[in-house]
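Please keep the sequence and the 3D view at hand while reading.

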Amino acid sequence: MARVKLTEYKAKQLLFNKLQIEYQGVAAVVDGKKILFSSPLSMLSSGKRYAVKVDQGVKGRMKKGLVALDVHKHDIKSIILKIAAKGFSQFVIEEIVPHEQSQEHYLSFERVREGILVRYSSKGGIHVEDAKDQVQSFVMHDSLPSSMNDALQLPEKFFKKMREFFEENYISFLEINPLVVSEKNWHILDLAIEVDSTAAFFVKNSWADRDIVGDQVKSEEEQKVKHLNDKSQAALSFTLLNPNGSIWNLLSGGGASITIADEIYNLGYGKEMGNYGEYSGNPNKEETYLYTSYVLQAMLKSKKKKLILIIGGGVANFTDIRTTFKGVVQALEEYKNDLKKRKILIYVRRGGPFQEEGLAMISAWAQKNGMYGYVSGPELPLHAIVQKAISSLRKSNS
Amino acid sequence: MLDISTLRKTNQSIIALGSHPGILQSMLDFDFLAGKSEPDLKGIVASGRKYVRLFWGDKEKRIPVYSSLDMIPNSVKTSVTLFLNLTSGRRTMSSTLEALKEFPRLKGGSLFAENMPEKHSIEIFQKLNTQQFIVGPSSVGLLIPGYLKLGAIGGTQAKQLVHAHLFERGNVAVFSSSGGMTNELINLVTGAGKRISFSLSFGGDRFPVLTPMEAFRAAEKDKSTEYIVYFGELGGYDEYDLIDLIQKKHVTKKIIAYIGGTVSAMFEIPPQFGHAKAMASRGEETAQAKTAALKKAGVSAAGSFTEFIDLVKDISSTDGPQKDHGGSAEMLGKIQSRTASWFINSVSRDKDGSVEIVGEDLLSLATKRSYGYIVGTMLLGKQLKSQETADFIDFVMKLLVDHGPYVSGAVNTMITARAGKDLVSSLVAGLLTIGPRFGGAINQAANHWIEGVTQNITPYDYVESIAKKRELISGIGHKKYRIDAPDPRVRAILAFTKNLKHSPHTDFARDIEKITTAKKGNLILNVDGAIAAVLLDLLSQKEDFTERELQDLVDSEFFNAFFILSRSVGFTAHYLDQKRSDEGLFRLSPQEVGWAE
């Protein structure tokens with residue numbers, strides 16, 4: 001996956017360092033009942049007021065009640081635990097900067113093919129969505145349009161630094177909202193940065209994988225597949241959609257997996273989809289075995305009575321079907337008894353190098369174990385395997 | 001700019017950056033099945049060995065491997081028109097920019113790696129000139145049936161290529177971000193009895209170097225193409241750009257499209273589907289919105305994959321079935337029956353019962369040519385071009401035959417013979433003595449002279465640099481002969497450069513001698529140094545060896561071969577001589593071995 005969000009805490013550390021401003025925010029991580037802080041709360045001043053914000057890349061935090069303003073130092077812990085109960089674990093604590101709403105501006109930078117697209121508006125904060133027509137934009141060159149200076153009153157040097165910062169850190173998107181500009185000073189209140197995860201190798205003394213915001217809480221199988229993918233040359237992904245779904249998918253190829261998921265949805269069985277995911281880029285036997293095992297583990301946890309497994313994919317260019325199916329069959333063999341007990345049927349459609357050998361192997365295995373739904377090469381249209389699989393679901397339901 | 005008809009018209013020369021034997025082999029298979037006389041792939045830039053063995057039909061062919069781009073000979077560099085970048089995402093940008101700089105006739109390339117930073121894609125995009133194109137990153141490549149296969153596209157098994165009719169020109173262009181779907185669609189189209197005009201996958205990244213719009217423009221320009229079959233995905237605005245092209249009449253050919261990702265509508269926060277680009281954050285980016293907009297613009301945009309297949313089946317093949325360009329059962333049979341050799345050799349073979357040496361009958365060589373000619377030809381693995389080189393090798397082989405019974409190798413041979421051992425044991429005992437101090441100086445001297453010529457260093461500085469390391473210069477110095485009492489053999493050796501226009505290695509060796517003899521009278525150019533220098537000059541002037549090829553010869557110890565071969569005669573003579581005189585076992589007395597106090 002290419003564009004990922006940094007924690008706001010890390011984003012600000014990096015940017016403030018570049019702009020030579022001191023950053024005094026504190027990061028907090030909730031672990032059960034315990035809260036770990038990046039620096040002791042005793043360092044904070046009792047005379048000041050603080051903002052406590054969820055720091056997990058959630059959009060529209062304010063509207064969703066994931067930000068607490070005007071918090072006294074002594075209330076920070078209890079406020080964090082209260083919000084954490086909604087399913088969040090990472091927070092950032094910052095001093096409140098008193099200002100008028102009219103001083104709130106919007107400023108963002110985005111990488112586009114032509115360069116860096118700058119968007120700005122003198123109306124920022126939570127109202128930027130309402131005043132979309134006032135947002136102006138231009139692709140950054142050496143000098144700035146004068147209208148921008150009027151709108152934001154920021155020094156040109158600032159933009160030069162921002163551009164350097166953007167390039168040095170392989171940033172894809174950077175949004176400051178609100179940006180508070182008063183007569184003599186300016187403050188970055190909320191900052192969101194998306195970086196290009198594929199660039200982790202190229203950035204030095206900057207962000208690393210641990211600074212990337214995790215999505216919402218992941219299932220055990222999702223975590224296992226992510227771990228597997230991180231260590232592999234091939235691409236492996238897995239998203240749990242409905243833990244109690246009846247249709248489980250072992251798909252290969254970005255485009256083919258979408259086509260199959262679309263067909264399930266088109267036939268009205270979208271809600272029955274247990275998972276979405278795909279493997280591609282010629283994973284080896286061991287990787288395919290592990291990936292299949294995780295899909296089967298998630299599938300066997302489903303409470304649905306009738307379960308089907310779709311092993312689907314297009315006609316591969318270079319993924320070896322014989323090798324990948326060896327891994328698939330190894331996993332099926334391991335979970336054979338549980339699969340049999342649940343009377344699971346397997347539906348296969350796949351093509352590519354060594355497809356005859358691969359298909360013959362999986363077909364023989366399914367027949368031997370009484371799990372044969374249908375096995376076909378490219379002579380069956382890609383989406384048609386879904387129709388065959390779902391018709392068996394219908395039969396058993398009626 | 002991608003121009004398919006130009007690519008069809010001219011022959012391509014391809015360099016692979018990085019190696020992926022399966023993909024490269026499939027490109028050779030494609031070329032073989034298309035009936036080309038030789039593969040488009042001219043070399044591979046990768047670490048490891050000097051060649052990769054790939055099959056050309058049922059025969060094996062060695063494809064040269066270069067450790068870096070500047071190791072590629074100029075004659076190859078200037079012929080390269082396409083590259084296939086198979087390096088990892090980390091290396092893709094730097095190697096691509098290097099390729100753009102190094103290949104003056106470059107028309108385009110394809111990037112295979114996934115996980116290349118988007119900033120790098122943009123940087124490559126900006127460096128291209130208007131005549132060039134690059135597909136990818138994370139692309140399976142570009143395919144023009146019967147003409148070009150640049151990448152894994154179409155499959156990596158020869159059978160796949162034949163079954164998908166990739167040797168017949170058709171009227172349907174096939175595009176997709178997804179490599180897998182590209183091949184799926186190729187099979188869908190050809191399975192329905194239609195044929196492909198060309199196909200490519202953009203790759204699923206946010207900023208593909210070759211944009212979908214450029215592909216559509218290329219299809220519009222290509223006379224063979226009448227239909228475009230396109231598989232798009234949710235996310236991004238490519239389809240709106242396409243609608244713009246259609247409305248401006250820049251694209252007028254019939255388009256059949258399917259936009260994947262309708263399933264996304266089911267989710268409040270949809271998961272990441274498929275590729276990096278396939279994230280629909282706004283309403284216009286959903287599959288449903290894009291399908292509707294395309295329909296409105298007159299595109300046959302299918303609402304489901306079933307409908308999509310029906311639309312593809314309705315395509316008319318205007319020209320009727322095309323004549324086969326290649327991909328015959330006989331050719332495929334050759335590919336499927338091949339087995340890898342255990343060894344590859346280019347020196348000699350048995351042909352119709354007689355021995356052939358580097359392509360010539362041995363008996364005829366033995367009758368017409370000197371021994372020196374045959375030795376030189378065999379050691380170099382190619383027929384000598386000049387009489388001068390043959391004559392010189394012949395001379396050297398005679399000159400090195402012996403140096404009296406006193407030298408280490410001869411002594412060992414004699415001792416072994418006197419111990420009652422056989423011919424081979426005695427000869428080998430002598431040969432095993434050859435090394436850095438005895439007989440191995442020619443190769444080291446050749447290394448000095450090559451360094452001097454290629455490094456552009458003054459002879460004085462060179463001597464100083466060796467002296468600083470407290471080493472001796474091989475090929476310099478003699479026990480007996482001095483500057484005022486020169487070695488007559490050296491004079492005879494150097495005479496062979498008389499008719500050469502240039503003799504840089506010999507000149508350098510003699511300049512070195514001037515400096516060393518000024519220090520000490522016996523530091524003259526000796527037989528080893530002179531042979532190395534003259535042989536280098538002959539190989540470069542008369543046999544067209546480059547300095548790099550000469551260095552390869554040094555690295556394989558070529559220059560010591562003459563001493564070993566020739567001196568074997570000497571050792572054998574000393575063995576036979578000892579047997580003749582029937583001397584007993586040799587033993588040293590205690591007086592003859594000192595005691596180290």
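Strand β16 of chain B, residues 354–357, is joined to β17(B) by 2 bridges, and the two strands run antiparallel.

These strands belong to an open sheet of 3 strands in chain B, ordered β15-β16-β17, with antiparallel pairing. At its edges lie β15 (348–351) and β17 (360–361) of chain B, each of which pairs on one side only. In general, the strands of a sheet pair through backbone hydrogen bonds, in either a parallel or an antiparallel manner.

## Where the two chains meet

How many residues of chain A are in contact with chain B? There are 47 such residues in chain A, and they are in contact with 58 residues of chain B. The area buried between chain A and chain B is about 4,200 Å², and carbon and sulfur atoms give 59% of this area. A:Arg113, A:Asn317 and A:Phe318 together supply 19% of the area that chain A buries against chain B, which is more than any other three residues supply. The size of an interface is often expressed in this way, as the accessible area lost when the parts come together.

Between chain A and chain B, 22 residue pairs are in polar contact, counting pairs with both residues at pLDDT 80 or more. Five elements of chain A each supply at least two residues of the side that touches chain B: β7 (104–112), β13 (235–240), α6 (254–266), β15 (275–280) and β16 (308–315). Helix α6(A) gives the most to this side, with 10 residues. Sorted by class, the side of chain A that touches chain B holds 22 nonpolar, 13 polar and 12 charged residues.

## Salt bridges

Side chains of opposite charge can pair when their charged atoms come close. Over all chains, a search of the whole structure finds 49 salt bridges. The count between chain A and chain B is 4. A:Arg349 forms a salt bridge with B:Glu184, and their closest N and O atoms are 2.7 Å apart.

Another salt bridge lies inside chain A: A:Lys12 pairs with A:Glu8, the closest N and O atoms being 3.1 Å apart. Why are A:Lys12 and A:Glu8 separated by about one helical turn? The reason is that they are 4 residues apart in helix α1 (residues 8–18) of chain A.

Most residues other than glycine have a negative phi, and most peptide bonds are trans. Some places in this model depart from that pattern. A cis peptide bond joins A:Asn177 and A:Pro178, with omega about 5°. A:Pro178 is part of strand β10 (residues 171–181) of chain A. In chain B, the peptide bond from B:Gly136 to B:Pro137 is also cis, with omega near 5°. B:Pro137 is placed in the loop between β7 (133–135) and β8 (142–144) of chain B.

A:Gln20 is a residue other than glycine with a positive phi, near 55°. This residue lies in the loop between α1 and β2 (26–31) of chain A.

## Confidence of the prediction

The predictor gives the complex an ipTM of 0.87 and a pTM of 0.82. Chain A averages a pLDDT of 88, and 95% of its residues score at least 70. For chain B, the average pLDDT is 92, and 96% of the residues score at least 70.

Among the elements of chain A, helix α8 (residues 321–334) has the highest mean pLDDT, 96, whereas helix α3 (residues 146–152) has the lowest, 66. Where pLDDT is low, the predicted coordinates should not be read in detail.

Conventions: Residues are numbered from 1 along each chain as its sequence is written. Chains are lettered from A and ligands numbered from 1 in the order in which they are written. Side-chain values use heavy atoms; hydrogens and water are left out. Contact means heavy atoms within 4.5 Å. Buried area is the accessible area (1.4 Å probe) that two parts lose on being put together, summed over both. A salt bridge is a side-chain nitrogen of Lys or Arg within 4 Å of a carboxyl oxygen of Asp or Glu. A polar contact is a pair of N or O atoms within 3.5 Å; within protein, one must be able to donate a hydrogen and the other to accept it, and residues adjacent in sequence count only if both atoms are side-chain atoms. Ala, Val, Leu, Ile, Met, Phe, Trp, Tyr, Cys and Pro count as nonpolar, Asp, Glu, Lys and Arg as charged, and the others, Gly among them, as polar. pLDDT is the predictor's confidence in each residue, from 0 to 100. Two strands pair if DSSP finds at least two bridges between them.
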